[in-house]
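Me: I have a structure to read and want to learn how its features are described. Please take me through it step by step.

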Amino acid sequence: MDTKKNLYSPSTIIILALMFVASVYFLLPFFWIIVASTKSDSQLFSTNPLWFTSPFNFLNNVQTVSSYDNSILWRWFLNSIIYAGSVSAGTTLISAMAGFAFSKYDFKGKNTIFYIILGTIMVPTTALVLPIYLLMHGLNLINTYWAVILPSLVNPFTVYLMRIFWMKEFPNELIDAAHVDGASDFAIFFRIGLPLVRGGLATVALFSFVGTWNNFFLPLVVISKSNLYPLTLGLQVWTSITTTSVGRGAPPYGAITMGILISIIPLILAFILLRKYWQSGLSSGAVKG
Amino acid sequence: MKIRIRSRKYMPFVFLSPFLILFALFYIAPLIYGFYLSLFHKYGLRPSTFVGMENYVKAFTDNGFLSSILTMGEFFLIQGSIMIFLALLFALYIDNEKNHFRGFFRLVYYIPFAIPTVISGILWGFMYSKSLSPFQSIFGLVGLHPNFLASNSLFWSILNIVTWEWVGYNMIIIYSGLQSIPRELYESARMDGARNFDIIKYIKLPLIVPSLVLAVVFTVIGTFQIFNEPYVLQSMTYVSIHFTPNLYIYTTAFSYGNFNFAAAMAIVLALVTFAVSMIFMRFAGFKEE
């Protein structure tokens, strides 16, 4: 009865309408980029920005972006997958191990170490990235994949998340039972533990993948060779060339809009398909907060 | 704390070592190195000279740096309030099982978080620019021709981008807090005659204070680090390098080559972020665990 009353009350309808207005706001840039990706450069500047026009140039733009500058966009796409994939795999394992140690062992200085790690969440990236640039320079690692991957593997937040998952999903009685059976610590971690915290692993893997895919500042500083750019850096460079130059040789807008679309589709798909994980992940993080 | 695993003393460190080694190399070492750098000054090609706190004195008397921090302070107060308020409203809406389209709104509001902030910056930058903007024709209907990229509207234009990106993220943090409240509390309150509004005011809000504090602290950290959006817009319009501290620090290091002064400013920025976060946490009476 209550539900029925709520369904038809004017305030319910007004609130629902406002929620839909907000949805339009959040979806507008996506709609705009989809429309823009179907237009040639001249159509882009002369037709209604919020509606399609004919002829439809979607496939032309795919072709333009794929062939421009020796198909470098696909190289950037591959780079982004390499950066995000390796960081995601590495971070997940490293954080799972560290979270296991913090939640299942007692050792001297445990809390101190943990709070130092947690405290560094507040350190601004510039305070780290400037010295990292000089360190990488000294190690001759500037303009290598390592310069992006190695610093990105350290993620205090995912260690914090994994610690919570170990505490919640892996009962301590299981450890006692495993010890009685003579299982080693590694067997406990890999064979009994990891399958139990797989929800946490998926969450951390997703977050570090997206975080690395979206990272811009670190690659901006340590990568200057265009064939090592991730998509974010490549598209920013294209945009700045196109919007600031009047001369020839600048990438057409069709390449940029299509490039943007290509760069965000995997993320949107990942978020829709894996929404179970980011929701559970953030909730376990925030509950403990 | 109870001992969970009785093994050899070094076992926890075996699990911690991959993280701790990388943490030492890419967090602790850069911070120490950054501090070391900040104590020197390099004149041209001559070797660095020790100048003690001179760079810090310079930072605290540098009008550009101070103005960038003040701008972000103002940005935090205005944008943070708008964003947390909206995030709270949205979270309350999607938390109430009786409301319609909860899953849809949760996904749609959160999805901008999946987009790289550089790409969001490019997208909104295009949508702001006179020739591509879908807003010009909308505002034109009422005789307005706003220039979103003019220097006096840039603050608000960037505020809009940042809000678009982060409302959903904060909504999820607050929503997670709401979800952890036992539903029985609402039932018993209803039996005592409480209305929805009373439940929000007397049960939900007090119980999600930790989530709100978390959201605000993340906002403080994020705001003082804003870089990507103004950096991207630099190619579309004039953006002062004093707009955000990170923009100024980056320019000082990589355009002017003054790493020493940049390192000092980065450390001051870290301290400011830390101080503001701490003041806020104290203010909210927040305690860890």
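Reply: Start where the chains meet: 75 residues of chain B are in contact with 72 residues of chain A. Contact means C-beta atoms, placed from the backbone, within 7 Å. This is a predicted model: local features need pLDDT of at least 70, side-chain atom pairs count only at pLDDT 80 or more, and totals for chains, interfaces and linings use all residues. Residues are numbered from 1 along each chain as its sequence is written, while chains are lettered from A and ligands numbered from 1 in the order in which they are written.

Me: Which helix gives the largest share of the side of chain B that touches chain A?

Reply: α1(B) does, with 15 residues. Helices (H or I, at least four residues) and strands (E, at least two) are DSSP runs, numbered from the N terminus. By class, that side of chain B has 56 nonpolar, 17 polar and 2 charged residues. Nonpolar covers Ala, Val, Leu, Ile, Met, Phe, Trp, Tyr, Cys and Pro; charged covers Asp, Glu, Lys and Arg; the others, Gly among them, are polar.

Me: How many helices and strands are there in chain A, and how many in chain B?

Reply: Chain A has 15 helices and 0 strands. Its radius of gyration is 24 Å, well over the 19 Å that the globule rule gives for 289 residues, so chain A is more spread out than a compact globule. That radius is taken over C-alpha atoms, and the rule is 2.2 Å times the number of residues to the power 0.38. Chain B has 13 helices and 2 strands.

Me: What boxes do the two chains fill?

Reply: Along the principal axes, the C-alpha atoms of chain A fill roughly 75 × 70 × 35 Å. For chain B the spans are about 80 × 75 × 30 Å.

Me: What share of the residues counts as buried in chain A and in chain B?

Reply: Count C-beta atoms, placed from the backbone, within 10 Å of a residue's own: 20 or more others is buried, 12 or fewer exposed, in between partly exposed. In chain A, 43% of the 289 residues are buried. In chain B, 42% of 289 are.

Me: How are two packed helices described?

Reply: By the angle between their axes and the distance between the axes. Axes are lines fitted to C-alpha atoms, for helices over the stretch in contact; angles run from 0 to 180 degrees between N-to-C directions. Under 35 degrees is roughly parallel, over 145 roughly antiparallel, 65 to 115 roughly perpendicular, the rest oblique. In chain A, the axes of α2 (residues 10-36) and α14 (residues 253-273) come within 9 Å and cross at roughly 130°. That makes α2(A) oblique to α14(A). Ile33(A), Ile34(A) and Ala36(A) of α2(A) meet Thr257(A), Ile260(A) and Leu261(A) of α14(A).

Me: Now a pair across the chains. At what angle do α13(A) and α5(B) pack?

Reply: About 25°, with the axes of α13(A) (residues 231-244) and α5(B) 9 Å apart. The two helices are therefore roughly parallel to each other. Thr232(A), Leu235(A), Gln236(A) and Thr239(A) in α13(A) meet Val118(B), Ile119(B) and Ile122(B) in α5(B). This contact has 4 nonpolar, 3 polar and no charged residues.

Notes
Contact = placed C-beta atoms within 7 Å.
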